[in-house]
Amino acid sequence: MRTAYSVETVRAAERELMDRVPPGALMQRAAAGLAAACAGMLGRTYGSRVVLLVGSGDNGGDALYAGARLARRGAGVSAVLLSPERVHEGGLSALRAAGGRVLTAPGAVVEGAAVPVEPVIARADLVVDGIVGIGGSGGLRPAAVELLELVRSPVVSVDLPSGVDADTGEVSGVAVRADATVTFGAYKPGLLIDPAREYAGALRLIDIGLGPYLGDRPAVEALQHRDVGELLPRPGPESDKYRRGVVGIVAGSARYPGAAVLAVSGALRGGAGAVRYVGPAADAVVTRHPETLVSQGPPSKAGRVQAWAVGSGLGEDKDRLEDVLPADVPLLIDADGLRLADEAALRARSAPTVLTPHAGEAAALLGRERADVEAHRLASARELSDRTGATVLLKGSTTLVVGPGGVRVNPTGSGWLATAGTGDVLSGLIGSLLAGGLDALDAASAGAYVHGLAGRLSPRPAGASDVAEALTAAWRDLLRGGGPGAD
């Protein structure tokens, strides 16, 4: 499992470790890892041109020490100082001793000759972003923005892209868009959560020894292939359809019968022993999936279930939703159900509840604009979870799952899932996992992972039915421990 820790936790761990190692040891470990990553991106270090954009403090120090290592390997390294009065003196001395050149924006005098910064940056083979560290907030200052506009080469960010929020993933102004980010000691939440995740590029974690001091409560988790494979329910020798779990699907309407079919498709591939469908699309469901148990009556009279998934294509049929809200089994609410559900009724539920809004639906529930939710994804999901007492799966380019059990981000998202009906498939899938005995956080995050993996495996361009079909292959790969991981 990939884990991310808050800035406060990382800082505390660094202080504790620094008391146990020689002065400067952590920075040297970080610089060594950063230099190795830069060399890997360059391919050939000797004769390459590297530019360091250096801010104040330890982030700039990491860049300077890494630059010194690259200079000793034959690279031509130039450091452009944005805050010369607050530069890391040890790192600056190391770079100069290794033959590196030091410039101050917008220009400098080196050995009696004027050296403009612009062509140095424009001709670089690699630019290292050491402008702002994990303690920064807000967008970049104008001087840094002007330098970034000159960059034409790949960019490696030190610890995280300058200008993004390390704890939330928010981007409130201009920020560096890196091709790769080399982070130290632990992932930071902002590296995993959009919109900042899109700025980070490829991630590389350098172990500097913080592990024993970070504690066992990360701020954010991201399940990986093996984690999900271990979570998925497996039938035992004594299993029958009821022991495996029965999921009830309340979805579809005269206008949206396909939503019912798709939700049932997801549920049938989610490991439950049986699927009960309640609604007006029974004929369409049975035609496509004859193994489904169907009912026309109210959900509470349909028979035994271990979980309900309600809402996809429900239209204005609030009665069916209100019939299942009091049920003392896990409940997933999606799509129209989110609009129809009463917040007080959600808070009053005793069994686990999962809500699966996209940004627009979350905005409506919170009384905000969609753009505000997309800019503050983590805060929005937390607020919705706090208000309803539910585990909230906020769909998007990086799907977030936030609830009483913690925060998880899904690493398998794919743009191919941005098509009508795939959310219906996801709701049925998660409902089936809930019926199979997974808790709300595990069911939602494992379901999102399998769903995202199916989006990668399905034909392209893919429709929702293609994604539902691909769930079988995704599930098989996960159970046997093979298939593509998500790093």
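Let me start with a zero: this structure holds zero aromatic pairs. To count as a pair, two rings of Phe, Tyr or Trp (its six-membered ring) need centres within 6.5 Å; planes under 30 degrees apart are stacked, over 60 edge-to-face, and the rest tilted.

Now, what are we looking at? This is a predicted model, where local features need pLDDT of at least 70, side-chain atom pairs count only at pLDDT 80 or more, and totals for chains, interfaces and linings use all residues. Residues are numbered from 1 along each chain as its sequence is written, and side-chain values use heavy atoms, leaving out hydrogens and water.

The overall picture, then. The protein chain has 20 helices and 20 strands. Both are DSSP runs numbered from the N terminus: helices are H or I with at least four residues, strands are E with at least two. The C-alpha trace spans about 90 × 45 × 40 Å along its principal axes. Of the 487 residues, 56% count as buried. Buried means under 20% relative accessible area, exposed over 50%, and partly exposed in between, with a 1.4 Å probe and protein chains only.

Next, contacts, meaning heavy atoms within 4.5 Å. Take those in the protein chain with a separation of 6 or more: residues 24 or more positions apart account for 65% of them.

On to the inside. Which residues touch the most other members of the largest nonpolar core? They are Leu34, Leu52, Trp308 and Ile333, in a core of 98 residues. Helix H2 (residues 25-42) gives the largest share, eleven residues. Apart from this core lies another, of 52 residues, including Ala251 and Leu433. A nonpolar core here is a set of buried Ala, Val, Leu, Ile, Met, Phe, Trp, Tyr and Cys residues joined through side-chain atoms within 4.5 Å. In soluble globular proteins, nonpolar side chains tend to be buried together.

Look at Ile333. How many salt bridges does a search of the whole structure find? It finds 23. A salt bridge is a side-chain nitrogen of Lys or Arg within 4 Å of a carboxyl oxygen of Asp or Glu. Side chains of opposite charge can pair when their charged atoms come close.

Glu16 and Arg20 meet at 3.9 Å, N to O. Glu16 is partly exposed, at 34% relative accessibility, and Arg20 is exposed, at 53%.

Glu322 and Lys318 meet at 3.8 Å, N to O. Both lie in helix H12 (residues 318-324), four residues apart, about one turn of the helix. Glu322 is partly exposed, at 42%, and so is Lys318, at 34%.

Arg347 and Glu343 meet at 2.9 Å, N to O. They are separated by about one helical turn because they are four residues apart in helix H14 (residues 343-348). Arg347 is partly exposed, with a relative accessible area of 47%. This pair also belongs to a network of salt bridges linking Glu343, Arg347, Arg368, Asp372, Glu383 and Arg387.

Last stop, helix H15 (residues 359-366). Its buried residues are Ala359, Glu361, Ala362, Ala363 and Leu366. What covers them includes helix H13 (336-340), helix H16 (370-375), helix H17 (377-388) and strand S18 (391-394). Just after H15, Gly367 takes a positive phi of about 70°.
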